[in-house]
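Thanks for coming, everyone. I'd like to walk you through a structure and stop at a few spots on the way. Here it is.

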Amino acid sequence: MLQFLSLPALTGGTLLQTPATPAPVQHLLLDSRRADAQAGGVFFALRGAQHDGHRYLAEVYQRGVRLFVVDQPDGLPALPGAGVLLVPDSLAALQAVAAAHRRRFRLPVFGITGSNGKTIVKEWLAQLLSPDELVCKSPRSYNSQVGVPLSVWELNASHTLGIFEAGISEPGEMARLARVVQPTLGLFTTLGTAHDAGFTSHEQKVAEKMQLFTEVDMLFYCRDQELVHAAAQQLPKAVRTFCWSRFHPYEANVAVTLLESAADRTTVRLAMQRPLLQEHTFTLPFADEPSVENALHCLTVLLWQQVPAAEIQRRLDRLQPVAMRLEMKQALNDCYVLDDTYNNDLAGLTLALDMLARQPRRGRRTLILSDVLESGLAADELYGRVARQLATHGVERLVGIGPEISAHQRVFGSAEQEFYPDTEAFLAGFQADDFHHETILVKGARRYGFERIVAAFQQKIHGTVLEVNLDALVHNLNYYRQRLAATTKLMVMVKAFAYGSGSYEVANLLQFHRADYLAVAYTDEGVDLREHGISLPIMVMNPSPDSFQKLRQYHLEPEIYSFERLHEYLRAAREQPLPAIHLKLDTGMRRLGFGEEDLDELCQVLQANAAALRVASALTHLAGADEAQHNDFSQRQLAAFQRMTPRLEAALGYSILKHALNSAGIIRFPEAHFDMVRLGIGLYGVEATGQQPDALRPVSTLRTTISQIKTLPAGETVGYGRRGQATNYDRRIATLAIGYADGYDRRFGNGVGEVLVRGQRAPLIGNVCMDMCMVDVTGVVGAQAGEAAVLFGEGLPLTELATRIGTIPYELLTNVSERVKRVFVTE
Ligand SMILES: *Cc1c(COP(=O)(O)O)cnc(C)c1O
């Protein structure tokens, strides 16, 4: 086991403080919010574009962590009794520690890279080899500068094979990852266009990725990718290669012929010389091109390992598509289910529990867990660790399924618990009423078939959903953050149900990512957030006077925009102290707020009541922030704001936060960010200025199902008022389970709107009805009832749809009815 005292030599660091007790390094901790006291936990203070771990040292110490690695000696808090190591670069130190851990094990290790398919090839390779091997692999897509060391840290003496993926976004990164992974085998998946931005050319990108393979014994790749093939020839002589090809059969070790492609499977013939010609035919349980290609990479490895062909086919038959995302699904009895039924190893369990702990609190946290496989640990040790994880992640109820977990029930201590020998036994006794208003993580190894459990929870919960991609939301948040100075605060508008996206889920994510303020329109919205555990400061833009006591009770800060409201608030505040206020200044919107002419009086009132009332901020709102034609007007508004705020501050005798800009303003007036900005629509994926159309990721996808498909003979009509007609030729008409009562705008009817079916556009035909609408799918080959149709989302942007019906994206988003279920997904 590595000792903390050996880290200076490994990392080129110096000990600032020696730990009070000798300390083996057992856990690598990076996230201050998840750093709990575990013996041997070392917190690495990393610095990134958004976060600086050094700011949280005291907080982490409070949680009981006693070993620290820092690269910034100034301003360290007192950490009595702790070990503190100062290194030149905390990230490099993390990688050096993982590399030293890796050196302790002699075993074959695959390094996998490429532009696409890394995670799927890694998962499949692990599935296909695991009958023979005890595999340690990267959890999910842990392939970054930080993810790779954490993955490699999971290696232990019982593993017989490592499979790690490595991803890069700029030159210089791969050599660092190679030193951590120390692969003995390499696999290059596919070269695509992802992350082109960081590289000057495709050649440079391939050359950089090849850095992973300079010391492997064998590299697997596809001969048909010319750039990859050329780069493989440049590797040191000691690196042997083993490649497959469809188009250069005589230049590859394995020649592939596609024999047949059906709807859901593909038959391939693989021929190789070894040393005599051998030919095998395999059926892959997929038809799409990327899956076939990913499977061929894996097949090549299995052939090289001389797994018998019949056995390969048996394993292929069990190959499962890889769930790339953890999905949060609304389920019966007001429950939410976090669906992670794909695999269940220890590292994956930790990630899933982190996700569970990050969800807004809705009732208790429940875990349905199968036996944990492939840990390489003795069962006592393993379930002891699982039990500790459950405790630190606040799991209150455990349903254990499987013989091993059942045999170890005594280690789970206080959580409410029940155990079943297998999934069938659980389902046989399943009563919907046993689960109420709880968040349930369903986490099971594949062989347990836990998707049946998720299905049981989801009965009758399908149809129309609004899918909210939380990763896209975070991407957009960071996009705007990067435009702010480090000292500029960020207020995020979560009014109107977070622009339709689901207020507490979004608020919770913003709290996790340390936004500074939230804003809602009405007091009740703020109360709702507080009741779901949101503790960030919240501004309420339009609180009614009868809600002032609620403001106090829930610590919500009102916006005050008129003398009338100000006096009402003061009257209440003199009786009982009330939260600080935000002053709305009207500089040209002419909606709400104090004008410049009101300022003398306002200053007087504030001064006279200084003891009863604190002002937190002053704000104004631009009338035309998104359009250049209003630039002069916007500048006049900003100038007025800058004349007014110093007068307020002088009268108050203290400084207040000053903020003026919405999403569009943040982009267009970087000189006017002041102390804080107010992010709204941009977070939800709409770039309102149109200047950076590709910078944001779409967050929301509105999706429904096709209820029925009919043929409409030429000349006949469909729907109310007989407005939709099959002119000239027969049509295939799909009826969708969404209408204007779900918030799908009636103006989209009769060809104005389009939806996506199988990724292709299909126009509306006839009027939009209350609960349904019809689309013409004549051009969409193979469309069937039961399939999904996308009303907006990737490939069907809100901005385009809004333009078609003469409105703005804001209206489309906020109109989605609350009866439409929200499903939250993350990658
Ligand atoms: C809604 C709102 C915002 C956010 O506007 P976006 O255009 O959605 O970024 C900012 N400030 C105020 C006062 C708002 O009401």
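Let's begin with a question: in the loop between which two strands does R722 lie? R722 sits between strand 31 (717–718) and strand 32 (724–725), where strands (E, at least two residues) and helices (H or I, at least four) are DSSP runs numbered from the N terminus.

Before I go on, a word on the source: this is a predicted model, where local features need pLDDT of at least 70 and side-chain atom pairs count only at pLDDT 80 or more, while totals for chains, interfaces and linings use all residues. Residues are numbered from 1 along each chain as its sequence is written, and side-chain values use heavy atoms, with hydrogens and water left out.

Back to R722. Its phi is near 50 degrees, a positive value in a residue other than glycine. At 57% relative accessibility, R722 counts as exposed; here exposed means over 50% relative accessible area, buried under 20%, and partly exposed in between, with a 1.4 Å probe and protein chains only. A496 is another non-glycine residue with a positive phi, about 50 degrees. That alanine belongs to helix 17 (residues 495–499) and, at 38% relative accessibility, is partly exposed.

Now for the inside. The largest nonpolar core has 145 residues, and V386, V494, L518, L736 and V755 have the most contacts inside it. By nonpolar core I mean a set of buried Ala, Val, Leu, Ile, Met, Phe, Trp, Tyr and Cys residues joined through side-chain atoms within 4.5 Å. Helix 16 (residues 470–481) gives the most to this core, seven residues. Apart from it lies another core, of 40 residues, including L161, F220, F242 and C298.

What does V494 touch, if we skip residues up to four places away in sequence? Its partners include V506, L510, L518, L529 and Y684, with contact meaning heavy atoms within 4.5 Å.

My next stop is T300, in helix 9. T300 is buried, with a relative accessible area of 2%, and beyond its neighbours within four places in sequence it contacts F220, F242, W244 and V254. A polar atom of its side chain lies 2.7 Å from the backbone oxygen of L296.

E687 is buried yet has no salt bridge, and R668, the nearest side chain of opposite charge, is 8.2 Å away. A salt bridge here is a side-chain nitrogen of Lys or Arg within 4 Å of a carboxyl oxygen of Asp or Glu, and in the charge count Lys and Arg are positive, Asp and Glu negative, with His and the chain ends not counted. What the E687 side chain does reach is the backbone nitrogen of Q691, at 3.0 Å, and a polar atom of that side chain lies 2.9 Å from the backbone nitrogen of Q692.

Notes. A polar contact is a pair of N or O atoms within 3.5 Å; within protein, one must be able to donate a hydrogen and the other to accept it, and residues adjacent in sequence count only if both atoms are side-chain atoms.
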